[in-house]
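User: Could you walk me through how to read a few features of this model?

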Amino acid sequence: MRVIISAGGTGGHIYPALAIINKIKEKEPDSKFLYIGTHNRMEKDIIPKYNIPFENIEIYGFNRKKIFSNFKTLKYLIKAKKKCKKLINEFRPDIVIGVGGYVTYPVISVASKLGIKTFIHEQNSVAGLSNISLSKKVDLIGVSFKSSLSSFPKGKTIFTGNPCGEDAIKKEKISKQEYGLSKEKKLVIIVMGSLGSLNVNNYLKNIIPSFKSKNYEVLFITGKNYYDELKNIKHSNNVKIVPYVESLAGLFKSTDLLVTRAGASTISEIISLNIPSILIPSPYVPNNHQYKNAKDLLDSSSAILIEEKDLDKNILVDTIDNLINDEKKLNEIKNNLNKLKVDNSATVIYENIKKLIDRK
């Protein structure tokens, strides 16, 4: 299979794209790939590390507040489409896949116009602007949340789940002891994404001492940007502070409770690994989509939701205390998560794009 894949801007788009690539490689080891991303976002550093051929295009998202700046954006879009056409004609893919971010728009729209099979995937419960715009052009659409099905045309939209979930299931379990944690005590992980969160970390700075003498342990993952500032916070022996955890999904398998943001990839790992969670969605993302991701879990009694604006001195510690010590509630959440699980999402995507390619 010859595949062009595009996704950009955040790990929430990039890592599902990598999960799809890994599944295609597993099923068809001789497959060839070309990844098209932006020239100045995360994917330009991440993708080459996996020895995946990478091409960049210079493109920017439309600004709804500064209307006149969009004339320049439109100029870059036209230029990006020309480069995409050249790359597609040279590579001659069997399929072109878009996994989110504005970089996908020129890639997918050009492929569709050239008559090449196209597939897009939406990770969030609220559909992104690029995917909405592309939905009429593409051959097939996959969504991570059943609530997203109504956002796209019927007949070519399928519920696949998020491919990061299947990747998480395959990760090797990491023992708590590797981080100096007790085998006997329950573990609460607090992490606000790979980069951390300034506002939430400032809040946590003040409440970390409140975990003293608790009957559980806390691993606070600050994010690399904030570790130097937070590593010397006075804390008890049942609290560990680290900047980053490699293969976090592996450590999640040893975790009893997770306090985290509500990005699409994190939600998929929570569902796939049956992790009770307290979600603090970022209010700084487009369309408030993290809140809506978290609300999907809240509505099915599969998570606890605390909005960042509601964080006060006691609410988080009290919520952790109440949940971690309530076995009945923890089991209820796990059972409800199990009902949402799609543990073969990447496989479902592979099988459907394979059918799409083979369709005459």
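Predicted model: local features only at pLDDT ≥ 70, side-chain atom pairs only at ≥ 80, totals over all residues.

User: Is H289 buried or exposed?

Analyst: Buried means under 20% relative accessible area, exposed over 50%, and partly exposed in between (1.4 Å probe, protein chains only). H289 has 16% relative accessibility, so it counts as buried. Not counting residues up to four places away in sequence, H289 touches N124, S125 and V126; contact here means heavy atoms within 4.5 Å.

User: Which residues of α11 are buried?

Analyst: In α11 (residues 289-299) they are H289, Q290, N293, A294 and L297. They cover an arc of only 145° around the axis, which puts them on the same side of α11; the arc is that of the directions from the helix axis to the C-beta atoms. The buried residues of α11 pack against α10 (264-273), β12 (277-279), β13 and α13 (327-340).

User: How do I read the sheet, and in what order do its strands come?

Analyst: Strands of a sheet pair through backbone hydrogen bonds, either parallel or antiparallel. Here, six strands form an open sheet with parallel pairing, in the order β10-β9-β8-β11-β12-β13. At the edges stand β10 (239-242) and β13 (304-305), each with a single partner strand, so one side of each has no neighbour in the sheet. Two strands pair if DSSP finds at least two bridges between them. For β8 (residues 186-191) and β9 (residues 216-221), there are six bridges, and I190 has F220 in β9 as its bridge partner.

User: How many disulfides are there?

Analyst: A disulfide is a covalent bond between the sulfur atoms of two cysteines. The criterion is a pair of cysteine sulfur atoms within 2.5 Å, and a search of the whole structure finds zero. As for individual cysteines, C84 is buried at a relative accessible area of 0%, and C164 is buried at 6%.

User: And how far apart are the C-alpha atoms of H289 and Y50?

Analyst: They are separated by 29 Å, with the two residues 239 residues apart along the chain.

Definitions and conventions. Residues numbered from 1 in each chain as written. Heavy atoms only, no water. Helix = DSSP H or I, 4+ residues; strand = E, 2+ residues; numbered from the N terminus.
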